[in-house]
Amino acid sequence: MLSGESKFMSRAANIGILSFAALVVLIWTEGLAAKDPDVTSQAIVSSVWGMKRWSPYVAGMGIGILSWFTFLLSDNTLGASGSYATTAGMIERILRGSKVKQKTYYREHPPEIGWGWMLLVGIVVGAFISAKLSGDFHMEIVPSFWESIVGESVLLRVLVAFLGGLLLGIGSRWADGCTSGHGISGTLQLVVSSWLAVICFFVGGVGTALIIF
Amino acid sequence: MAQLILGLVMGICFGFLLQRGGVTQHEVIMGQLLLRDWTVLKVMLSAVVTGMVGIYALRIPGLVRLHKKSGSFGSTVIGGLIFGVGFALLGYCPGTLAGAVGQGSMDALFGGALGMLAGTAIYAALYDRLEKKVLHIGEFGQMTLPQLLNVKPWSVIGVLNALVLLFLFILEYAGL
């Protein structure tokens, strides 16, 4: 007869092992590289580090494991949107001096370099390293999907991207998180606000995309 | 100082995985929002399944504590929907936007990132008024799904992971 505690431990272990096993099966059936044909042909000739794309399940499991370390080593969560506000606050401080600190938002979220801000800088660097290693790095201003639907105007793309970024900035702070902070870090902690937020992100996003594109 | 370096290193890993997973590509995100390419949800959901099991396991011996965000309809739903509109117009989200800058997507830098800075500054300016009038409407706080459903966390994890993994297998079976 198992005691209450060891029964609990074995249930937790079973759920964990079964979840990982299912993910491994997904990776195994799909392959380590993503299944897009022009990607796999490139992948054959180079090592894992040179593959243009990894299976989304490999990338996802990697991000999940990374989140363990953010909790364990830094007592913090993966998230991005707050650090844009930090940067905006730092710029405002340069332009308008220390009275910026009187704003309630910046009193509650001081515009100073911290763990989350370094994380955001790291994302840029990490994506650069990944793209350079696989040869995926290229300067581009009008993405191909945009060009095929809207056209090749640089000005229009940058203006709409700015407007989108503006709404993304307002919305992410309004909801207190983004697709990382709520969508990954919050949902994995089973937080209700995060599950509700990520549903609203995709309802708004899918709705808008289907109307416009 | 050590934490700043750790933050940078973890960010580098995060950015690397986002780029290599394909989710810093504008067309991949638009494909998801148009429900044609499910890469974004595959990455997110496998991260959530993996992270959830690990974090709740590390919590048993007390090695980690949760960082729950409190929510309300005024904040989470309204903010979330505004976010969604921006998400579709831009074709990146805040994290993948930074990754897109790193891979050379200049629309992400000159359009999206500048827009994000302007948007967060506008929000900071509106914060007092929103705080008074909107953000606390229908407040439900730092509730978790186990609290909401009044069941044990591992029961939620078991059922949720089963549903998410079933969904992912269906996606693969359907060839999406």
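Chain A has ten helices and zero strands. Keep in mind as you look around that this is a predicted model. The radius of gyration of chain A is 21 Å, well over the 17 Å that the globule rule gives for 213 residues, so chain A is more spread out than a compact globule. Its C-alpha trace spans about 70 × 50 × 35 Å along the principal axes. Of the 213 residues in chain A, 53% are buried.

Now to the partner chain. In the contact between the two, 123 residues of chain A meet 114 residues of chain B. On the chain A side, helix α3 (residues 56-74) gives the most, with 18 residues. The make-up of that side of chain A is shown here.

| Class of residue, chain A side | Number of residues |
|---|---|
| Nonpolar | 75 residues |
| Polar | 38 residues |

Let's zoom in on helix α8 of chain B, residues 153-173. At 1.5 Å a residue, its 21 residues should span 30 Å, and the end C-alpha atoms are 30 Å apart, which agrees. Which residues of α8(B) are buried? They are W154(B), I157(B), N161(B), V164(B), L165(B) and L168(B). Seen down the axis of α8(B), these buried residues fall within an arc of 100°, so they line one face of the helix. They pack against α1 (4-30) of chain A together with α3 (39-59) of chain B. The face of α8(B) turned away from the buried side carries the exposed residues L163(B), L166(B), I170(B) and Y173(B). After α8(B) comes G175(B), with a positive phi near 75°.

Definitions and conventions:
Residues are numbered from 1 along each chain as its sequence is written. Chains are lettered from A and ligands numbered from 1 in the order in which they are written. This is a predicted model: local features need pLDDT of at least 70, side-chain atom pairs count only at pLDDT 80 or more; totals for chains, interfaces and linings use all residues. Helices (H or I, at least four residues) and strands (E, at least two) are DSSP runs, numbered from the N terminus. The expected span of a helix is 1.5 Å times one less than its number of residues. A residue is buried if 20 or more other C-beta atoms lie within 10 Å of its own, exposed if 12 or fewer, and partly exposed in between; C-beta atoms are placed from the backbone. The arc is that of the directions from the helix axis to the C-beta atoms. Two residues are in contact if their C-beta atoms, placed from the backbone, lie within 7 Å. Ala, Val, Leu, Ile, Met, Phe, Trp, Tyr, Cys and Pro count as nonpolar, Asp, Glu, Lys and Arg as charged, and the others, Gly among them, as polar. The radius of gyration is taken over C-alpha atoms; the globule rule is 2.2 Å times the number of residues to the power 0.38.
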